[in-house]
Amino acid sequence: MRTREGGLVDDEAVVIARVRAGEPEAYAELVRAYTAVALRAAVACGAGPEAEDVVQQAFFKAYQALGRFEEGAAFRPWLLRIVVNETRNTVRSAGRQRAVAGREADLLGGEPRIPESADPAVAAEERERSRRLFDALDGLSEDHRRVVIHRYLLELDEGETAEALGWPRGTVKSRLSRALKKLGRVLEGGEGRG
């Protein structure tokens with residue numbers, strides 16, 4: 001199985017069987033293949049500077065729970081579910097004070113540097129578009145934000161999204177539809193956040 005990040009897992013089920021049979025170094029193949037998508041998930045779900053720690057912890061927990069992993073299931077959505085839960089736990093435990101300190105640091109960090117070759121007007125427009133999209137995402141409910149992140153930022157298909165979030169496919173469809181409608185209204189300026 002070739003992953004979207006370019007990692008390569010010849011046969012995921014075989015690799016998992018090797019790990020279960022007492023060959024822990026085989027787990028490194030899964031880690032190499034899915035680290036990039038796990039990092040994107042952690043960042044998209046709000047892990048911020050803790051993203052690498054979250055991913056490392058998620059891989060550790062996945063390794064510990066591999067005995068309970070359903071044979072024949074896809075590893076990636078299962079892992080991403082662990083990453084999302086780990087991110088949520090990390091963000092909650094960080095507390096309000098650290099979040100405020102992080103926002104202050106972001107505000108004081110200044111504007112990102114624009115490469116000299118870039119058109120400043122285009123770069124500014126792209127930054128504005130990104131900011132509006134992330135503001136709109138922040139305005140969605142937790143369930144709506146999670147389904148949009150999994151389907152579009154993490155590029156999971158509908159089945160993988162359902163598996164990763166632990167929801168039935170019909171729930172993924174309906175929440176995604178409502179989330180996209182709300183995002184569209186917000187981005188067109190027809191609705192405020194909330």
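# Chat about helix packing in a predicted model

Me: Hi! How do helix 7 and helix 8 pack, and how far apart are their axes?
Reply: Hello! In this predicted model, helix 7 (residues 158–165) and helix 8 (residues 169–187) pack at an angle of about 100 degrees, and their axes are 9 Å apart. Angles from 65 to 115 degrees count as roughly perpendicular, so helix 7 and helix 8 are roughly perpendicular to each other.

Me: Which residues make that contact?
Reply: Helix 7 brings Glu158, Gly159, Thr161 and Ala162, while helix 8 brings Arg169, Val172 and Lys173. By class, the residues where helix 7 touches helix 8 are 2 nonpolar, 2 polar and 3 charged.

Me: Staying with helix 8, at what angle does helix 6 pack on it?
Reply: Helix 6 (residues 142–153) meets helix 8 at about 100 degrees, with axes 9 Å apart. Helix 6 is therefore roughly perpendicular to helix 8.

Me: And what residues are in there?
Reply: On the helix 6 side you'll find Asp143, His144, Val147, Val148, Arg151 and Tyr152. They meet Val172, Arg175, Leu176, Arg178, Ala179, Leu180 and Leu183 of helix 8. The contact of helix 6 with helix 8 splits into 8 nonpolar, 1 polar and 4 charged residues.

Me: New topic. What is the packing angle of helix 2 and helix 3?
Reply: About 135 degrees for helix 2 (residues 27–44) and helix 3 (residues 51–65), with the axes 9 Å apart. That angle makes helix 2 oblique to helix 3.

Me: Is the crossing left-handed or right-handed?
Reply: Helix 2 passes helix 3 in a right-handed crossing.

Me: Who's touching whom there, and what classes are they?
Reply: From helix 2 come Tyr27, Leu30, Val31, Tyr34, Thr35, Ala38, Leu39, Ala42 and Val43. Helix 3 answers with Ala51, Glu52, Val54, Val55, Phe59, Ala62 and Tyr63. The contact of helix 2 with helix 3 has 14 nonpolar residues, with 1 polar and 1 charged.

Me: How many aromatic pairs are there?
Reply: The count is 7 aromatic pairs. One of them is Tyr27 with Phe75, an edge-to-face pair at 6.4 Å centre to centre, with 85 degrees between the planes. Tyr27 lies in helix 2 and Phe75 in helix 4, so this pair ties together parts 48 residues apart in sequence.

Me: Where is confidence lowest, and where is it highest?
Reply: Confidence is lowest in helix 4 (residues 75–108), with a mean of 73, and highest in helix 3, at 93. The chain averages a pLDDT of 80, and 78% of the residues score at least 70.

Me: What about residues 1–6?
Reply: There pLDDT stays under 50, and the model has 19 contacts beyond four places in sequence for residues 1–6.

How values were computed: Residues numbered from 1 in each chain as written. Predicted model: local features only at pLDDT ≥ 70, side-chain atom pairs only at ≥ 80, totals over all residues. Heavy atoms only, no water. Axes fitted to C-alpha atoms, helices over the stretch in contact; angles between N-to-C directions. Helix = DSSP H or I, 4+ residues; strand = E, 2+ residues; numbered from the N terminus. Parallel < 35°, antiparallel > 145°, perpendicular 65-115°, else oblique. Contact = heavy atoms within 4.5 Å. Nonpolar A, V, L, I, M, F, W, Y, C, P; charged D, E, K, R; others polar. Left-handed = near helix turned anticlockwise from the far one by under 90°. pLDDT = per-residue confidence, 0-100. Phe/Tyr/Trp six-rings, centres within 6.5 Å; stacked < 30°, edge-to-face > 60°.
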